[in-house]
Amino acid sequence: MHTTQKQYVPINIIDSAFEKLDINDARLVAAKKRYGTTLPIEYTTSITDTLTNGDIIITYGYIDRYYDKWITPYKGWFKIKKEYYANGNINYKRMFNKTSRESSGKMYEFDKEGNLIKTTDFDEGWQTPFEAITELATHYAKKYNYNIDASINGVITEDHNYQNWMDTFVRIWREEKGDKKYWLIGLNKGHYENPDNKKCERVVVLIDDATGKVIKKEHYYDAYNRLFKAADNLLGLREKYY
């Protein structure tokens, strides 16, 4: 029987268009405060906006030096960082995996006049689309009874430093070993009532990037921490955790 392989659209929630931050925005100016006690005097500013859809936008900067804007969508796996020159013109924009802090998609860099001067594709050389990995994560979350929406548009908790071992969460990351590339999925679920060495129920899935096929998976219990077994563990090379 003839089957058609699913076609995935590359994930890139930013574009290469020029943009400018309004550095004279009334709220940014009102939030200005002195930074430190050294001379010459420096000033910082910071404002946070939570949109009706749950997205969080944090804008901060060192006056006359640069400004940063972090955009963390309520849904989806990625957050956006935009840095601006002192004049408000865009310097660069890029996106990160919320759960691993890894760079993903494309980064666009501009000169001070606003001209695009460089594009870096962090997904270049990787064969399996990120969305396909989220589908595997969804499959294993259901199989092992993790109450997580790991889909491409799921509500994904930001990076693991803000996650407690008792939380139910998912993480996706990438590792390279020589000329081999791997995707890994980690699922965590806490069991407060268990003994210390079995507080965390974990599932780790190792995927060959070249084929998109699962090489190995482990379902195990661990002490209370936020660390998953890394590729080296699953490949039988050495103990290493992510």
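Predicted model: local features only at pLDDT ≥ 70, side-chain atom pairs only at ≥ 80, totals over all residues.

I found an open sheet of 8 strands, antiparallel in its pairing, with the order 1-2-3-4-5-6-7-8. I then checked the edges: strand 1 (33–35) and strand 8 (116–121) have a single partner strand each, so one side of each is without a neighbour in the sheet. On average, neighbouring strands of this sheet are turned by 15° against each other, direction ignored.

I picked strand 2 (residues 42–50) and strand 3 (residues 56–62), which pair in the antiparallel sense over 7 bridges. Which residue of strand 3 is the bridge partner of Ile47? I found that it is Thr59.

Most peptide bonds are trans, and most residues other than glycine have a negative phi. I went looking for exceptions.

- I noted a cis peptide bond from Leu39 to Pro40, with omega near 0°. Pro40 is in the loop between strand 1 and strand 2.
- I saw that Asp64 has a positive phi of about 70° and is not a glycine. Asp64 lies in the loop between strand 3 and strand 4 (66–72).
- I saw that Arg101 also has a positive phi, of about 70°, and is not a glycine. Arg101 lies in the loop between strand 6 (90–97) and strand 7 (103–110).

Is Asp64 buried or exposed? I read 66% relative accessibility for Asp64, so this residue counts as exposed. Arg101 comes out at 43% and therefore counts as partly exposed.

Terms used
Residues numbered from 1 in each chain as written. Heavy atoms only, no water. Pairing = 2+ DSSP bridges. Helix = DSSP H or I, 4+ residues; strand = E, 2+ residues; numbered from the N terminus. Axes fitted to C-alpha atoms, helices over the stretch in contact; angles between N-to-C directions. Buried < 20%, exposed > 50% of the residue type's maximum accessible area, 1.4 Å probe, protein only.
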